[in-house]
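Please consult the sequence and structure shown here.

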Amino acid sequence: MAKHIVVIGAGVVGLSAAVALQEAGYDVTIVARDFPGPAETFDGLQHINFSSPWAGAHNRWVPPLPSGEGLREHRFALTTFARMRALASAATESTAHGITFMKGIEYVDTGAAVLADVYGLLTEARAQSAELAMPGFRLLGADDFPDARVAWGCEYDTWCVNPMVYCAFLLRRFVFRGGRVARRELRAVAEVFALAAADAVVGRGGGGVVDAVVNASGVGFGGPEDGVFPTRGQTCLVANACDATVTRQHADGSWTFCVPRGFEGGTIVGGTKEPDSWDPLPSLAVRERLLGSMAATYPRILEGAAGGDFTVIRDVVGRRPTRKAGLRLEGELLPGAVAGGGDGFVMHAYGLGGRGYELSWGVAEGVVTGVREYLEARASSTA
Ligand SMILES: Cc1cc2nc3c(=O)[nH]c(=O)nc-3n(C[C@H](O)[C@H](O)[C@H](O)COP(=O)(O)OP(=O)(O)OC[C@H]3O[C@@H](n4cnc5c(N)ncnc54)[C@H](O)[C@@H]3O)c2cc1C
């Protein structure tokens with residue numbers, strides 16, 4: 001009988017991990033407080049701690065430093081890019097997968113901190129090397145810049161998703177292939193093992209065995225002591241279409257970006273990145289600043305627009321699940337968590353901050369590897 005894995009979380013990370021585990025031959029149940037649904041019906045305040053609906057969501061290549069810092073995340077992003085390509089090309093015309101491929105454009109202003117290392121040190125040869133493999137990468141010249149404040153620019157091939165269309169697609173695929181789901185709110189990871197013993201859904205008929213748990217709860221269960229904090233993001237969803245996803249980093253550390261969502265989902269114009277801010281309400285002044293800055297950075301977004309202006313659908317406030325030590329992708333034994341006193345195994349996969357979509361399939365592969373290694377070690381120790 002296939003080993004039973006319970007994934008906590010139905011955001012982009014939990015869904016990707018659940019599908020990857022299923023593909024690896026495991027029997028998988030997702031337990032979560034929130035599930036994907038039509039974003040149009042989501043109340044911003046009610047769902048504010050569910051990060052996935054509020055993302056852009058695009059892939060921005062963040063090149064690793066020559067020291068190697070950031071290389072693991074870059075590899076995760078490459079894995080995700082390949083998977084997005086495969087999902088989009090395997091789909092039939094009627095598959096609502098929510099993925100659109102397009103050009104990504106980056107502008108960095110004079111004085112922006114990232115010029116000193118991340119971008120300033122990036123050459124075309126390095127970007128196109130086998131290690132970085134950034135598809136379609138090309139440096140832009142001053143003639144391509146929107147104004148004289150831009151010091152550096154590039155373009156590359158990338159993908160954007162309509163977040164809830166994409167996540168609902170993953171959820172449908174998971175259930176279609178035999179996965180089970182249960183809407184439950186948990187207080188601790190260890191609760192899953194107890195729930196499985198009592199619960200007909202999680203326990204596959206009650207008294208069920210859970211061989212491993214995946215903690216893809218976004219923020220984990222450790223709270224501030226684990227170094228987890230929200231990075232608030234305010235964006236504006238507009239009905240205007242755009243032919244590229246454009247990102248600009250300003251000298252004062254602020255950002256201007258747009259992410260076409262496709263699938264009649266409009267375009268996200270953003271956005272703020274405010275660590276430790278719990279403010280759930282959007283500011284109209286910020287909306288005006290974001291839209292004005294986007295129009296100046298990429299005037300094509302307003303080409304053909306009614307009245308030459310943006311058509312606002314809604315303001316968005318979300319919380320990126322950020323962790324001081326970076327994303328947590330590691331296994332842990334929970335002593336005595338299993339009924340009868342045995343240890344329970346949890347594979348953590350949370351704290352992806354502003355990169356949950358970008359890194360999702362790389363993290364999912366890491367989850368499968370961690371679970372498989374644990375189960376193999378357990379089997380050989382009991383053989
Ligand atoms: C404004 C904004 C823009 C962004 N843009 C991008 C972008 O362009 N690209 C990108 O890659 N990322 C982007 N992000 C970040 C991205 O949204 C997150 O990294 C990603 O959604 C995290 O996914 P997750 O599955 O880890 O967490 P979540 O989406 O928060 O999902 C967590 C899951 O765990 C469940 N859960 C949590 N606690 C419990 C509990 N106690 N009991 C039961 N279930 C529980 C929840 O119900 C939910 O199902 C953006 C975020 C914001 C806010």
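## Ligand shell and sheet

The ligand is surrounded by 36 residues, the closest being A10, D34, S52, L186 and G353; a residue counts if one of its heavy atoms lies within 4 Å of the ligand. The model is predicted, with local features requiring pLDDT of at least 70 and side-chain atom pairs pLDDT 80 or more, whereas totals for chains, interfaces and linings use all residues. Residues are numbered from 1 along each chain as its sequence is written, and side-chain values use heavy atoms, without hydrogens and water.

| Residue | Protein atom | Distance |
|---|---|---|
| A10 | backbone N or O | 2.8 Å |
| V12 | backbone N or O | 3.3 Å |
| S52 | polar side-chain atom | 2.5 Å |

Taken alone, the ligand exposes 990 Å², of which the protein buries 96% (Shrake-Rupley areas, 1.4 Å probe).

Domain 1 (4-53 + 164-226 + 324-382) and domain 2 (100-158 + 229-322) both contribute shell residues, so the ligand lies between them; the bounds come from an automatic or database domain assignment. The largest share of the shell, 4 residues, is supplied by β13, strands being DSSP runs (E, at least two residues) numbered from the N terminus.

Strands β1 (residues 4-8) and β2 (residues 27-32) run parallel, joined by 5 bridges; V7 has I30 as its bridge partner in β2.

Notes. Polar contact = N/O pair within 3.5 Å; in protein donor to acceptor, adjacent residues only side chain to side chain. Pairing = 2+ DSSP bridges.
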